[in-house]
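Open the model in your viewer and keep the selection tool ready. The stops below follow one another as a tour.

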Amino acid sequence: GLERGAKNQFSTFSNFITSINQKKEGIGNRNSPTQLVIPNIKNVKDLPPVCLDVRQKQRISVVTLPEELKAPVPPEPSLPIRTKTVKDFQDDMEKAKSSGDWKFVHYFYSTTFDSFLEINAAFKKDTNSPLNTIEDSGINAKFVNVVYDALLNTPQDVQKSVLKGVINGLLQEWKGPRTKDDLRAYYILLQNPQFSNTSTYVIYAHLLRQIAALTEADHHFLVHWSKKISQRRFKQLVDRLLQFISLRLFPAKPEEFPPMVKCTWWIPSATKVLSLFNAANSLISPPIISYTDFYNSTLDHIDLMEEYHNWQCYGNSHRFSFCQYPFIISIAAKKVIIQRDSEQQMISIARQSLVDKVSRRQKPDMNMLFLNVKVRRTHLVSDSLDELARKRADLKKKLKVTFVGEAGLDMGGLTKEWFLLLIRQIFHPDYGMFTYHKDSHCHWFSSFKCDNYSEFRLVGALMGLAVYNSITLDIRFPPCCYKKLLSPPIVPGDHNTFVGICDVTLDDLFQIMPELAHGLSELLSYEGNVEEDFYSTFQVFQEEFGVIKSYNLKPNGDKIPVTNQNRKEYVQLYVDFLLNKSIYKQFAAFYYGFHSVCASYALLLLRPEEVEILVCGSPELDMSALQRTTQYDGYQKNDPTIRYFWDVVLGFSLDLQKKLLHFATGSDRVPVGGMADLNFKISKSETSTNWLPVAHTCFNQLCLPPYKNKKELKQKLIIGISNAEGFGLE
């Protein structure tokens with residue numbers, strides 16, 4: 001009902017707001033930041049900053065403040081006494097629905113939302129208690145939910161009275177810091193379902209602006225209170241904010257909103273408030289909703305590189321950029337930023353090489369513009385590592401691979417083949433650099449000590465090259481690895497600074513060594529006497545080349561027994577030893593190798609999970625999605641050969657489907673954007689049907705002869721994809 005009558009019923013609110021502000025301007029409060037007036041550009045400068053510089057603060061910090069904040073708390077004003085209960089309200093609603101007399105309901109809503117004091121009087125659990133704790137908002141959440149759930153089913157005059165009350169509350173003149181009752185009122189108003197309607201966006205924007213301008217200490221309370229909201233309602237709040245941002249960027253009816261030039265603060269305010277919910281979400285394990293639920297795909301259609309450059313240039317100034325709040329940018333959009341940033345670096349490095357050559361009066365050579373890697377298939381690992389070590393200065397150039405003795409030209413296909421074969425050999429257990437854990441199906445760094453860790457650096461460079469050149473790899477590292485890779489995301493200038501060290505938990509160990517992690521979990525929950533029954537000390541043992549070696553987890557650890565009192569410390573030190581200390585030199589070399597290629601501020605935008613997706617792509621193959629997006633050259637999608645092809649492919653096992661993908665594209669992984677990003681094409685091959693299919697991996701193209709029946713096509717296709725190593729020219 002609100003949607004249908006929105007234009008007429010709420011069209012007067014802007015006029016209402018304007019008239020009130022005109023009265024206030026006469027009093028001389030023109031520049032008050034809490035005025036409900038749409039400012040011009042000049043007034044924006046006077047607002048408190050609502051942007052965080054990601055270079056200094058990657059995520060909004062919610063753990064830096066003490067549990068009980070030391071800031072002086074303003075005295076709480078005395079509240080009116082309101083005795084209505086949830087049952088009383090529900091009874092009033094039932095009577096109103098049956099009789100058609102909404103007088104009592106109208107009175108309740110108009111009174112309750114008339115001011116911040118009234119909101120607290122209605123919904124605060126104990127009106128006599130200050131309730132200033134971070135963990136308990138002191139709000140009767142059930143009552144709030146019941147009142148809001150019923151609101152949209154009331155007559156329009158009731159709904160209008162609520163919005164008028166909200167306006168009254170927002171128009172109050174604020175002097176000094178906010179009380180906790182004020183925070184409670186903001187917290188309750190933020191959950192109002194009326195703000196899903198675009199006709200209320202002017203009011204919603206001013207509410208968001210006031211919340212965004214609160215102090216960090218006040219935000220700290222709102223973050224902790226928000227983590228108690230149920231999953232369904234939490235997601236509704238997030239979706240409402242995302243919709244607000246999207247419709248402000250691309251309004252369906254531009255005349256509904258004030259001109260963008262007069263409300264430049266709308267989007268920064270909404271994004272700042274959204275960051276509070278993102279912070280609340282990250283406090284819970286597992287999180288309330290997935291981090292991908294904060295993505296706003298509308299941002300995929302704006303000029304992201306302008307956003308990125310503004311962020312790089314202006315840093316911690318008052319100039320807003322979505323890059324200051326990377327959680328809102330989708331992984332597809334981040335990939336675009338990283339790709340274009342990489343391309344610009346490649347062009348810059350190649351141009352510098354050309355200028356250097358010309359300045360020395362030497363004849364330019366096209367090969368100098370690329371990182372040329374020439375390898376023998378029989379010595380793939382040693383040749384590759386030698387080439388990368390020798391050409392370290394060229395790592396940021398466009399990669400081109402040549403296999404000695406093969407006539408293939410690298411337009412992208414040979415590069416993908418090289419990565420695939422190299423990763424397969426380096427991660428083989430016989431090579432000894434990585435240990436494969438069968439229980440978790442992932443690789444981890446070998447803790448064996450050695451004299452030279454340069455090979456780990458080169459493996460890191462290899463992974464960096466894959467991201468830099470937009471190649472997906474079949475690497476099975478645990479999520480913890482990518483968390484370490486971003487610790488820190490920018491290489492520190494002081495090489496004495498520790499890198500690759502991050503906070504690790506038992507959950508991280510479960511993802512690598514589930515059996516050991518389960519044993520440590522059992523130790524933590526053991527109800528008997530740990531010291532007498534386990535007889536352990538703060539010492540661990542590891543086998544290295546057949547020799548058992550012991551390591552103390554803390555000074556004199558071999559003399560400190562593990563007890564019921566210190567077992568948590570023991571488990572934490574054990575996990576830290578396994579995932580940080582025992583492999584520090586190996587991972588530090590790997591870290592520096594990766595960042596020698598991928599050093600970019602764009603990495604600050606990424607979560608560890610997103611780095612994994614960029615490196616590995618998605619392992620989930622959706623051949624039906626590939627079928628829907630495939631292009632054809634010489635065939636129509638209903639031709640018999642094409643129908644045979646898809647019948648066969650959709651019936652393949654996962655292993656054969658991966659082989660087909662590898663045969664046609666050079667990789668068996670799905671890129672970030674899904675199957676549609678492959679730009680897969682099937683072309684008609686005007687050759688004898690005795691021939692096998694041919695692939696051009698540089699262009700993700702499969703050339704298919706017009707086979708007469710499904711059996712023949714299946715036979716030839718399986719032979720082709722099962723013998724697909726090596727390149728040649730016809």
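**Stop one: a covered helix**

Select α24 and colour Gln586, Phe587, Ala588, Ala589, Phe590, Tyr591, Tyr592, Gly593, Phe594, His595, Val597 and Cys598: these residues of the helix are buried. Buried means under 20% relative accessible area, exposed means over 50%, and partly exposed lies in between (1.4 Å probe, protein chains only). That makes 12 of the 15 residues in α24 buried, so the helix is mostly covered. Now show what does the covering: it includes β4 (442-445), α18 (454-468) and α19 (479-485). Contact here is heavy atoms within 4.5 Å.

**Before moving on**

This is a predicted model, in which local features need pLDDT of at least 70 and side-chain atom pairs count only at pLDDT 80 or more, while totals for chains, interfaces and linings use all residues. Residues are numbered from 1 along each chain as its sequence is written, and side-chain values use heavy atoms, with hydrogens and water left out.

Zoom out to the whole chain. It holds 29 helices and 10 strands. Helices (H or I, at least four residues) and strands (E, at least two) are DSSP runs, numbered from the N terminus. Of the 730 residues, 51% are buried. Among contacts between residues at least 6 apart in sequence, 74% join residues at least 24 apart. The chain exposes about 35200 Å², and carbon and sulfur atoms supply 52% of that. The areas come from the Shrake-Rupley method with a 1.4 Å probe; for residues, only the protein chains shown count as cover.

Select arginine 248 in helix α12 (residues 231-249). Lys and Arg count as positive, Asp and Glu as negative; His and the chain ends are not counted.

Show proline 258 next. Its backbone oxygen lies 2.9 Å from a polar atom of the arginine 248 side chain. Leaving aside neighbours within four places in sequence, arginine 248 is in contact with Phe257, Pro258, Pro259, Met260, Cys263, Trp266 and Ile267.

Jump to glutamate 712 in helix α29 (residues 710-722). Glutamate 712 is also buried without a salt bridge, and the nearest side chain of opposite charge, lysine 716, is 4.1 Å away. Beyond four places in sequence, glutamate 712 is in contact with Thr689 and Tyr707.

**Stop three: salt bridges**

The count of salt bridges comes to 22. Start with lysine 483 and aspartate 508, whose side chains meet at 3.0 Å, N to O. This pair links distant parts of the chain: lysine 483 is in helix α19, aspartate 508 in helix α20, 25 residues apart. Lysine 483 is partly exposed at 26% relative accessibility, whereas aspartate 508 is buried at 7%.

Then select lysine 391 and glutamate 387. Their closest N and O atoms are 3.2 Å apart, and both residues are buried.

Compare aspartate 558 and lysine 559, a salt bridge at 3.7 Å. Aspartate 558 is partly exposed at 33%; lysine 559 is exposed at 64%. Finally, highlight Lys124, Asp181 and Arg184, which salt bridges with shared partners join into one network.

**Stop four: backbone exceptions**

Most residues other than glycine have a negative phi, and most peptide bonds are trans. Where are the exceptions?

Select serine 285 and proline 286: the bond between them is cis, with omega near -5°. Proline 286 lies in the loop between α13 (266-283) and α14 (304-314). Serine 487 and proline 488 are also joined by a cis bond, omega about -5°. Proline 488 sits in the loop between α19 and α20 (506-510).

For positive phi, go to serine 470, at about 60°. Serine 470 is in the loop between α18 and α19 and is partly exposed, at 35%. End at tyrosine 535, with phi about 50°. The loop between α22 (530-534) and β5 (539-544) holds tyrosine 535, which is exposed at 75% relative accessibility.

Key. Polar contact = N/O pair within 3.5 Å; in protein donor to acceptor, adjacent residues only side chain to side chain. Salt bridge = Lys/Arg side-chain N within 4 Å of Asp/Glu carboxyl O.
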